[in-house]
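I opened the notebook to go through one protein, first by residue and then as a whole. The entries follow in the order in which I looked things up.

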Amino acid sequence: MKNNSSFISDQFYSKYVRDLHFRHLRMAMPSSSIQECATQMANEQVSCLFIGSAPQEIQGYITDITLRDKALALGIALETPVSHIMEKSMISIHPDASLVEALLLMFRTKSRYLLVQENEQYIGWISRTKVLTEQSQGPFMFIQSVKEARQIEELKEKWHHMPEIIHLLLSRGMKAGYVNQIITTVADTITQRVIERVIKEIGSAPAKFVFFVLGSEGRGELTLKTDQDNAIIYEDKANEHREAVREYFLDFATRVSSALNQIGIDFCSGELMAMNPKWTHSLSHWKRNYETWISDASEENTMNYSTFFDCRAIYGKESLLEELKVHMGNLLEKASERFFINLGHNALQYEPPLTFFRTIRTEKIDGEKQLNLKQTMRPIVDLARVFALKHQIHETNTVRRIELLRQKGVFTMPETQELIHAFNYLMSLRLENQAQLILDKKEKPKNFLKLDSLTKVQSVTLIEIFKVIKDFQARIRISFTKTL
């Protein structure tokens, strides 16, 4: 591990895409031959060539790797139009986005290149290598090293380095939201490496599938105390193949979860994992699950399954989850008032820990007063979810949900700022507490914070945050449960 001065490049965190000398778009027509494009790339010394009749009509792109894997390796005739081999998944970013956002987007979408788009115009492109070079040393090089790891012991070692990285990032003032995304990206990458390893061991899947994550990982809000929340959707197969397909995926899921547990991403105590037969199903079965949860509208169902509305694909055919989300959206449009009333009640289960005299209410653990930071944050997560589902917002991240609700006029700008500040402050406190427990006390990360470890300023800030949460819960009580 690098020392503090060399591990993090401070300048990197204040840089934006606009600060890079991003490259001009090099174009070729879709009808151009593979050889013509390769010659153009060689002449212009570029590793990426965009395909289209004009910069605003880009249909795809090719890279050195595209030429190698989709043309040379397959023996494709060099006279073949380049449109036959071009990559079509185009990802763009605004020049005012930070380099942190650019790298997280690249890792999340598995893109090596991003188009730079401003005022609906493509004005250039950047590569992952270019951004990583700017970053030099830091967590993104670490993420890249995780992507290159294959053995379980190597992945385990990477995961065990996370507390040190998180402590350094927080001490340098990185926003909690970015830190969450870095932990989530590393966990996603480790899971993807494990999945690839398992498929290599037991053979290709007998059906298209998607492995997706739920809860805090589904929201991109992982902390150092995390366990597994995952599930599998596979495509519907003919009756005669149904049992064999299901048997494969349950074995596959058990192997994946066991390897993750060995690495340090623990089994879910509530067994919300794809290895549990309850959470590995065909697409049609998953659709029926959501139909039951939404139409039944019981308070118990709403409490038990609300985490399933925070879902995100990390491996496989993402369109399976997208189809399920579209189905879910249609169901929510017709959902009864009772469903949203119960969601509202669910968001009121955990009240901010304030006493009648406006002091912090704690729990006594091992003879010391302690505050459960996870439960303290839960009302914000729940209220963002209930308002997002009510207003057909499909984003899962809590902060982005709040920002989108402001755009829809649900929250004012001051309300949005209060909620986001409260959420980020609590998350920073939680992450730093977990990192210190691991690094300084050699203990497992916890969500409990000892009250005597807080400064006076922190205590006062927490009390003000709890008042904000209480005010928003009063709004939910009126908006959804029709009570005071």
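I count a contact when heavy atoms lie within 4.5 Å. This is a predicted model, in which I ask pLDDT of at least 70 for local features and 80 or more for side-chain atom pairs, while totals for chains, interfaces and linings use all residues. Residues are numbered from 1 along each chain as its sequence is written, and side-chain values use heavy atoms, with hydrogens and water left out.

**Entry: Arg-401**

I looked up what Arg-401 touches, not counting residues up to four places away in sequence, and found Arg-219, Phe-309, Asp-310, Ala-384, Arg-385, Ala-388, Glu-395 and Thr-396. Arg-401 lies in helix H17, residues 398-407. Helices here are DSSP runs of H or I with at least four residues, strands are runs of E with at least two, and both are numbered from the N terminus. For burial I use relative accessible area: buried is under 20%, exposed is over 50%, and partly exposed is in between, with a 1.4 Å probe and protein chains only. Arg-401 counts as buried because its relative accessibility is 1%. I also noted the spacing to Leu-389: 12 residues in sequence and 9.7 Å in space, C-alpha to C-alpha.

**Entry: Arg-312**

Which strand holds Arg-312? I found it in S10, residues 312-316. At a relative accessible area of 16%, Arg-312 is buried. Its side chain makes a polar contact of 2.8 Å with the side chain of Asp-188. A polar contact is a pair of N or O atoms within 3.5 Å; within protein, one must be able to donate a hydrogen and the other to accept it, and residues adjacent in sequence count only if both atoms are side-chain atoms. Leaving aside neighbours within four places in sequence, I listed the contacts of Arg-312 as Thr-184, Asp-188, Phe-212, Val-213, Glu-217, Gly-218 and Leu-321.

Asp-382 is in helix H16, residues 373-390. Is Asp-382 buried or exposed? I have it as buried, because its relative accessibility is 5%. With residues up to four places away in sequence set aside, Asp-382 touches Asn-346 and Ala-347.

Gly-344 sits in helix H15, residues 337-346. Its relative accessibility is 0%, so Gly-344 counts as buried.

**Entry: helix H8**

I went through H8, residues 162-171, for burial. Seven of its 10 residues are buried, so H8 is largely enclosed by the rest of the structure. The buried residues are Met-162, Pro-163, Ile-165, Ile-166, Leu-168, Leu-169 and Leu-170. After H8 comes Gly-173, with a positive phi near 90 degrees.

Most residues other than glycine have a negative phi. Glu-120 is not a glycine, yet its phi is positive, about 65 degrees. It is in the loop between strand S5 (113-118) and strand S6 (121-127). With a relative accessible area of 70%, Glu-120 is exposed.

Lys-442 has a positive phi near 55 degrees. Its loop runs between helix H18 (413-439) and strand S13 (448-450). Lys-442 counts as exposed, at 70% relative accessibility.

**Entry: Thr-254**

Thr-254 belongs to helix H11, residues 239-263. I have Thr-254 as partly exposed, because its relative accessible area is 30%. From Thr-254 to Phe-212, 42 residues apart along the chain, the C-alpha separation is 15 Å.

**Entry: the whole protein**

I counted 19 helices and 13 strands in the protein. The radius of gyration is 24 Å, close to the 23 Å that the globule rule gives for 484 residues, so the protein is as compact as a globular protein of that length. The radius is taken over C-alpha atoms, and the rule is 2.2 Å times the number of residues to the power 0.38. Along the principal axes, the C-alpha atoms fill a box of roughly 80 × 60 × 45 Å.

Of the 484 residues, 51% count as buried. Among contacts with a separation of 6 or more, 71% are between residues 24 or more positions apart.
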